[in-house]
Protein chains: 2
Amino acid sequence: MSVPQPTVRFLRIDGVDHDPEAQGAFAADRGFAYGDGVFRTLRLRGGRIAGWARHARKLVADCAAIGLAAPDGARIERDLADLGAAWPECVARITVTAGSGPRGYRRAEHTPLRIMVQAAAPPDWPERFAAEGVRMHRCALRLAWQPALAGVKHLNRLEQVLARREWDDPEVPEGLTFDGDGLAVCGTMSNLFVVEGDVLVTPELTRCGVAGVQRERVIEWARRSGRACVVEAVPAARLGAASALLLSNSVIGVWWVNRFDGRDYQRPRWFDELQHALLDERL
Amino acid sequence: MSVPQPTVRFLRIDGVDHDPEAQGAFAADRGFAYGDGVFRTLRLRGGRIAGWARHARKLVADCAAIGLAAPDGARIERDLADLGAAWPECVARITVTAGSGPRGYRRAEHTPLRIMVQAAAPPDWPERFAAEGVRMHRCALRLAWQPALAGVKHLNRLEQVLARREWDDPEVPEGLTFDGDGLAVCGTMSNLFVVEGDVLVTPELTRCGVAGVQRERVIEWARRSGRACVVEAVPAARLGAASALLLSNSVIGVWWVNRFDGRDYQRPRWFDELQHALLDERL
């Protein structure tokens, strides 16, 4: 099996020459060149990751969705264990790319995946966000329908970057995005749950959006605790009629929205229970 | 003006620890993390680039389209001049990203752009492609409509990567992609011109697709040589009625399609004239 060699020969970054032999693999990385890869963002608490098994499965599923082989799970677990020992409270990111290959959209055969594990400090969101709820921006940018990529947490995230540029108020940590039909899809970095009476509703993500692991865990929590949770289309009008809106991702856990689009929303009476359940590694 | 520091502290790539101080800027690059940037691909011939002024303008316009400042054009020209002196016959890539910032979709203020200039050997396409025409695959993948990004050559290119995976015949160097309405948009790496009698028609790219510099130059060549060239919607049926199909990009120049979707196409009688004109730096 011959591994194709990256073909970068001249490499200058910000006016400084770099050795293509040493740095060319990164410059030729298909994740960098085309966003050809997927990633996971994880919160380490005490060096451990709640719901790791789901993250591992999702990573493999997302790779498969864009035609990549499964990454070496044992290696990633070793990397995360070493990270957890060195830095027990952090936010980790696992990036899996199609590796370094020749120029062009065509993936060369036999190119090994690239697996990058990196970590940063947890975000410094005010404590009150979790306790008192958060305000949410209504994004004007409409998410494009691309069923071939819907649900996948891939590296093509310009829509989220553009949506996140629409507001700049530190008291508003998230914005909700809609599709071209006016259906609610996702927060820029989180999944949405709409609470109608005692029923949780979360948008179906078959045309756009990212289906996060934390969303999966909230759905599973609802199932285990005997609450109805449905996955279906959520037109904008439905948000106005809801009693509560929740946002989930693996870093924030879950937030409740106290104000959105000129309306006040309530904190569900079972909010603390859900928040606590999401810390349970076995969920 | 304080420049935000990248916050990567642990960095392991393919099982090997890297120094976050030395390599963290790259790992935290928003181009790598989210595809938050744009690029240009250029063919150097004798160290020079045909249509450079257009590329420079397009780079600035694409940056503006995703909310980035204009990159330092003088620096890029210096980089390209040095590259041209060192390697007169190559394919250069200029990548401009939103730089290295903290984790998250939000761009930090005062983050300098990253400008990367790299080069690879020209592709080894057979000489006969230009002379005898090429076969073209009909891609099944439908391009998503995203007017906010349409026309821009940004780093989110997974659609092209997926489309390029649909076939693997070295005799078929390109595939044509359509949108959800069945309108022809682009080749995976090139722009399309449909020849109807003596009129050139190229798809409008207001909802998806990349508006390449070579497309701009073909349009300008048509104008200067007194040929009609219109930019409008091109339904699939229109391709079957055309006498010729052309593909343009800055590396191939222009190709004519000899076979697509079960039909044979002709080489336009003015093909050599166009091909020659595109080598003219002043076009």
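This is a predicted model: local features need pLDDT of at least 70, side-chain atom pairs count only at pLDDT 80 or more; totals for chains, interfaces and linings use all residues.
Residues are numbered from 1 along each chain as its sequence is written, chains are lettered from A in the order in which they are written, and side-chain values use heavy atoms, with hydrogens and water left out.

The same surface serves both copies, since 100% of the contact residues of chain B (contact means heavy atoms within 4.5 Å) recur in chain A.

The contact takes 73 residues from chain B and 73 residues from chain A. The area buried between the chains, that is, the accessible area (1.4 Å probe) that two parts lose on being put together, summed over both, is about 6,300 Å², and carbon and sulfur atoms give 58% of that area. Between chain B and chain A there are eight salt bridges, each defined as a side-chain nitrogen of Lys or Arg within 4 Å of a carboxyl oxygen of Asp or Glu. A:Asp168 forms a salt bridge with B:Arg106, where the closest N and O atoms are 2.9 Å apart.

**Cysteines and a strand residue**

A search of the whole structure finds zero disulfides over all chains, a disulfide being a pair of cysteine sulfur atoms within 2.5 Å. For A:Cys186 the nearest cysteine sulfur, that of A:Cys208, is 7.5 Å away. The sulfur of B:Cys63 is too far for a bond, because the closest cysteine sulfur, in B:Cys186, is 19 Å from it.

The table gives accessibility (buried means under 20% relative accessible area, exposed over 50%, partly exposed in between; 1.4 Å probe, protein chains only).

| Residue | Class | Relative accessible area |
|---|---|---|
| A:Cys186 | buried | 4% |
| B:Cys63 | buried | 0% |
| B:Val231 | partly exposed | 42% |

B:Val231 lies in strand S11 (residues 229-232) of chain B, strands being DSSP runs (E, at least two residues) numbered from the N terminus. B:Val231 and B:Pro203 are 28 residues apart in sequence, yet 5.6 Å apart in space, C-alpha to C-alpha. Not counting residues up to four places away in sequence, B:Val231 touches B:Thr202, B:Pro203, B:Glu204, B:Arg215 and B:Ile219.

Definitions and conventions
Helices (H or I, at least four residues) and strands (E, at least two) are DSSP runs, numbered from the N terminus.
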